[in-house]
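Subject: Structure for you to look at

Hello,

Here is the structure I promised to pass on. Please open it next to this email and follow along.

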Amino acid sequence: MMTLANRLALLLILLLFSCSSPQKEIVSIKGSTMGTTYTVKFFPLTNNPIEIEDNYILIEKILKDINQQMSTYIPSSEISTFNKLESTDWFAISEDFSNVVEQSFKYYDLSDGQYDITVMPLVNLWGFGPDIFESPPSKAMIDSVKTFIGQDLIDVENQKIRKKDSRVQIDLSSIAKGYAVDKIFNALNRYDDLFIEIGGEIRTKSKSKDWKIGINTPSITNFENDIELIITLNNLSIATSGNYRNFYIIDDKFYHHEINPKTGYPISSNLGSISIISDKSCLDADGLSTMFYTIDKKLTNDVIESLDGVESLSIIVNNDKTFIKEFSSNFPNN
């Protein structure tokens, strides 16, 4: 159902469009989803504002459907229902949910288990999930949870999923936004120039428009969204993972949301952020950016060079809080 606020926002977009000159101008549709915001931009094909309203309704439906399948913050979602199951029987899931889980195994295998969607219990322990959080966990708590962490503890096939240990829980936040970007991209693929962004995960299509993308400075004090680098991103996807957006500080100790599934602790690294460009999909960029943040930085360049259509930018934080940018060979560092 469209809320009053959403109706007013859409009305403003339609008024601006209807009052514009006969030459088509780019339209921007914005909203909230997945605990963040989204933006979709395109050149309309007609002068009829109904075209924009229909796109808005379509975008909202896609996002609502994906949230209802994959959001751990919705108690009735498919993933929440699966996570609460105390059974190892097969559980029927939607096609999108099944697709995302199946895709996640690519990054699990590529990272030798460092990327792992069964990390959810550790995410909750460290206060980065929907559960109530009081304080950082003890080693004993972490060790007890690690006994049922591992993506080899789930099976998925034919739109069904099952646990091999009833305590297993999964978290798809590392690729759900990228998948949602791809779904909207495919739904609006009739447009020659298209920009889709959800929480910083971006996919573009370009025929006449150069899309300029800013990569944030990876600092916990970057409240103004300062930009470290601007690139042109045409017919590509980009996603960024880092430690500077979702974190907390207790007793002068810094804790962030990127958890190592093998140690059970937040990853300790001077890697402020890593941005991945993929020519395949935004899900691919999203999954790879999380994966590369979790693995040993020394391995990143070797793995990047082994992947077709993938480029990276690593921003290293020095002890004096300055930054070093490390580019893969064909990253568009303009």
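In what order do the 8 strands of the open sheet run? Keep in mind that this is a predicted model.

**The sheet**

The order is β1-β2-β6-β7-β10-β13-β14-β15. The pairing is antiparallel. As a reminder, strands of a sheet pair through backbone hydrogen bonds, either parallel or antiparallel.

Look for the edges next. They are β1 (27-33) and β15 (323-327). Each of these two strands pairs on one side only. Neighbouring strands in the sheet are turned by 10° against each other on average, direction ignored.

Now pick out one pair. Strand β13 covers residues 271-278, and strand β14 covers residues 310-317. They pair in the antiparallel sense over 7 bridges.

**Two helices**

Then turn to α7 (residues 173-187) and α8 (residues 282-294). How far apart are their axes? The answer is 7 Å, and the packing angle is about 165°. Angles over 145 degrees count as roughly antiparallel, so α7 and α8 are roughly antiparallel to each other. Their crossing is right-handed.

Which residues make the contact? From α7 come Ser174, Ile175, Ala176, Lys177, Gly178, Tyr179, Val181 and Asp182. From α8 come Cys282, Leu283, Asp286, Gly287 and Thr290. By type, the residues of this contact divide into 6 nonpolar, 4 polar and 3 charged.

Best wishes

Notes
Residues are numbered from 1 along each chain as its sequence is written. This is a predicted model: local features need pLDDT of at least 70, side-chain atom pairs count only at pLDDT 80 or more; totals for chains, interfaces and linings use all residues. Side-chain values use heavy atoms; hydrogens and water are left out. Two strands pair if DSSP finds at least two bridges between them. Helices (H or I, at least four residues) and strands (E, at least two) are DSSP runs, numbered from the N terminus. Axes are lines fitted to C-alpha atoms, for helices over the stretch in contact, and angles run from 0 to 180 degrees between N-to-C directions. Angles under 35 degrees count as roughly parallel, over 145 as roughly antiparallel, 65 to 115 as roughly perpendicular and the rest as oblique. A crossing is left-handed if the near helix is turned anticlockwise from the far one by less than a right angle, and right-handed if clockwise. Contact means heavy atoms within 4.5 Å. Ala, Val, Leu, Ile, Met, Phe, Trp, Tyr, Cys and Pro count as nonpolar, Asp, Glu, Lys and Arg as charged, and the others, Gly among them, as polar.
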